[in-house]
Amino acid sequence: MDKFLIVFRGSTAGEAEGRRHDPLKWESWFDSLGRALLDRGALSQGSVEVPTRLLGPKISSSAMSGYCVIGASDFNDAVRLAKTSPIFDEDGSVEIAHLR
């Protein structure tokens, strides 16, 4: 089983402009992953993007709102697990990276 990093992008739990963050939905989703969940990671309360060393931080619509690490047989399996994430109910998205 390989390791995959799932990065959640979109409104963070502390941002008023995003859809309402439901901690119980997230808790239930993490529990549903069972043994596939290797590292629960964390959901953020806010994030900024620093595009270059010369520019200061800025809020981005694709800001990181959390992460977790899962075990999956391949990218397709990782995508299958990630597609059930509550981030999509909060108008967010995921980015998946295969870890070495």
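Modeller: Glu95 touches Leu5, Ile6, Val7 and Arg9, not counting residues up to four places away in sequence; contact means heavy atoms within 4.5 Å. This is a predicted model, in which local features need pLDDT of at least 70, side-chain atom pairs count only at pLDDT 80 or more, and totals for chains, interfaces and linings use all residues. Residues are numbered from 1 along each chain as its sequence is written, and side-chain values use heavy atoms, with hydrogens and water left out.

Glu95 sits in strand β4; helices (H or I, at least four residues) and strands (E, at least two) are DSSP runs, numbered from the N terminus. Its relative accessible area is 43%, so Glu95 is partly exposed. The scale is: buried under 20%, exposed over 50%, partly exposed in between (1.4 Å probe, protein chains only). The Glu95 side chain makes a polar contact of 3.0 Å with the side chain of Arg9. A polar contact is a pair of N or O atoms within 3.5 Å; within protein, one must be able to donate a hydrogen and the other to accept it, and residues adjacent in sequence count only if both atoms are side-chain atoms. In sequence, Glu95 and Val7 are 88 residues apart, yet their C-alpha atoms are separated by 5.1 Å.

The strands come next. β1 and β4 run antiparallel and are joined by seven bridges. Arg9 has Ser93 of β4 as its bridge partner. Two strands pair if DSSP finds at least two bridges between them. Strands of a sheet pair through backbone hydrogen bonds, either parallel or antiparallel.

The open sheet has four strands in the order β2-β3-β1-β4, with antiparallel pairing. β4 (93-99) and β2 (37-43) are the edges; each has a single partner strand, so one side of each lacks a neighbour in the sheet. From one strand to the next, the twist averages 15 degrees. Between β1 and β3, the antiparallel pairing spans eight bridges. Val7 stands opposite Tyr67 in β3. β2 joins β3 through four bridges, again antiparallel. There, Leu37 has Ile70 of β3 as its bridge partner. Seven of the nine residues of β3 are buried, so β3 is largely enclosed by the rest of the structure.

Now the helices. α1 lies across β1, β2 and β3, at about 165 degrees to β2. α2 also packs on the sheet, touching β1, β3 and β4, and its direction makes about 150 degrees with that of β4. Axes are lines fitted to C-alpha atoms, for helices over the stretch in contact, and angles run from 0 to 180 degrees between N-to-C directions.

In α2, the buried residues are Asp77, Ala78, Leu81 and Ala82. They cover an arc of only 135 degrees around the axis, so they lie on the same side of α2; the arc is that of the directions from the helix axis to the C-beta atoms. Their cover includes β1, α1, β3 and β4. At the start of α2, a side-chain oxygen of Asp74 comes to within 3.1 Å of the backbone nitrogen of Asn76.

Ser85 is in the loop between α2 and β4. Ser85 is buried, with a relative accessible area of 3%. Its contacts, leaving aside neighbours within four places in sequence, are Phe8, Trp26 and Trp29. The Ser85 side chain reaches the backbone nitrogen of Ile87 at 3.1 Å.

The largest nonpolar core has 16 residues, and Phe8, Trp29, Phe30, Leu33, Cys68 and Ile70 touch the most other members. Two or more residues come from each of β1 (2-9), α1 (23-32), β3 (64-72) and α2 (75-82). A nonpolar core is a set of buried Ala, Val, Leu, Ile, Met, Phe, Trp, Tyr and Cys residues joined through side-chain atoms within 4.5 Å. Beyond four places in sequence, the contacts of Cys68 include Phe4, Phe8, Trp29, Phe30 and Leu37.

Overall, the protein reads β-α-β-β-α-β along the sequence. Of its 100 residues, 36% count as buried. Among contacts between residues at least 6 apart in sequence, 74% join residues at least 24 apart.
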